[in-house]
Amino acid sequence: MIFNVFCSGTDNKLNIYDYNGEKIHTQQAAVSMKDTSFNAFFDLKKITEVCMENGLKFAHNVYILPGAKTVRILGNLQKNNISRKMHNK
């Protein structure tokens with residue numbers, strides 16, 4: 001998880017905070033506050049917009065491929081989009 005790479009340990013690690021201004025200290029806390037954790041590293045608003053444009057709800061999974069030129073954003077298909085796509089066929 002990205003939290004372990006950038007935020008855990010003691011050597012000049014990045015501090016991230018929840019929406020109340022409290023420091024997130026553990027991976028468990030970071031996982032329980034996924035939106036907060038992702039927003040510390042990525043533009044969560046833009047990710048959500050891209051997912052919505054494709055009928056998806058962001059699933060809090062991002063894969064950065066070698067060379068950092070391509071990113072895969074994973075989402076879950078929204079039920080209302082399934083019926084809309086089937087209706088349009």
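Among contacts in the chain between residues at least 6 apart in sequence, what percentage join residues at least 24 apart? It is 20%. Keep in mind that this is a predicted model.

**Whole chain**

Five helices and two strands make up its secondary structure. Going along the sequence, the order is α-α-α-α-β-β-α. The chain has 89 residues, and 17% of them are buried.

**Confidence**

Colour by pLDDT next. The chain mean is 81, and 85% of the residues reach 70 or more. Where is confidence lowest, and where is it highest? Helix H5, residues 79-88, is lowest, with a mean of 54. Helix H2 is highest, at 90.

**Helix H3 and its packing**

Select residues 34-41, which are helix H3. Show side chains for Thr36, Ser37 and Phe38, the buried residues of this helix. Then bring in the neighbours. The buried residues of H3 pack against helix H2 (27-32), helix H4 (44-53) and strand E1 (56-64).

Zoom in on Thr36, in helix H3. Why does Thr36 count as buried? Its relative accessibility is 8%, and buried means under 20%. Select what Thr36 touches: Tyr17, Asp18, Tyr19 and Ile24, leaving aside residues up to four places away in sequence.

Move to Thr26, in the loop between helix H1 (2-6) and H2. Thr26 counts as partly exposed, at 40% relative accessibility. Draw a C-alpha to C-alpha distance from Thr26 to Asn4. The two residues are 22 apart in sequence and 8.7 Å apart in space.

Next, pick Val31 in helix H2. Val31 is partly exposed, with 37% relative accessibility. Draw another C-alpha to C-alpha distance, this time to His60. Val31 and His60 are separated by 29 residues in sequence and by 9.8 Å in space.

Stay on His60, which sits in strand E1. Check its backbone torsions. Phi of His60 is near 55°, a positive value in a residue other than glycine. Is His60 buried or partly exposed? His60 is partly exposed, with a relative accessible area of 21%; the cut-off for buried is under 20%.

**The hairpin**

Show E1 and E2 together. The two strands run antiparallel and are joined by seven bridges. Strand E2 covers residues 71-77. Six residues lie between the strands of this hairpin, where Gly67 takes a positive phi near 90°.

Now select the facing residues. Ile64 stands opposite Val71 in E2. Val62 stands opposite Ile73 in E2. Ile73 is partly exposed, at 32% relative accessible area.

**Surface patch**

Finish on the surface. Which residues form a nonpolar patch there? Select Val50, Ile64, Val71 and Ile73. Together these residues have about 300 Å² of accessible area. Two members were already on screen as a facing pair: Ile64 and, opposite in E2, Val71. Ile73 also belongs to this patch, and Ile73 lies in strand E2. Patch residues need over 30% relative accessible area, and the value for Ile73 is 32%.

Note on methods: Residues numbered from 1 in each chain as written. Predicted model: local features only at pLDDT ≥ 70, side-chain atom pairs only at ≥ 80, totals over all residues. Heavy atoms only, no water. Helix = DSSP H or I, 4+ residues; strand = E, 2+ residues; numbered from the N terminus. Buried < 20%, exposed > 50% of the residue type's maximum accessible area, 1.4 Å probe, protein only. Contact = heavy atoms within 4.5 Å. Patch = residues over 30% accessible without salt bridge, like charges linked within 9 Å, V, L, I, M, F, W, Y side chains within 5 Å. Areas by Shrake-Rupley, 256 points an atom, 1.4 Å probe, with all protein chains shown as cover. Salt bridge = Lys/Arg side-chain N within 4 Å of Asp/Glu carboxyl O. Pairing = 2+ DSSP bridges. pLDDT = per-residue confidence, 0-100.
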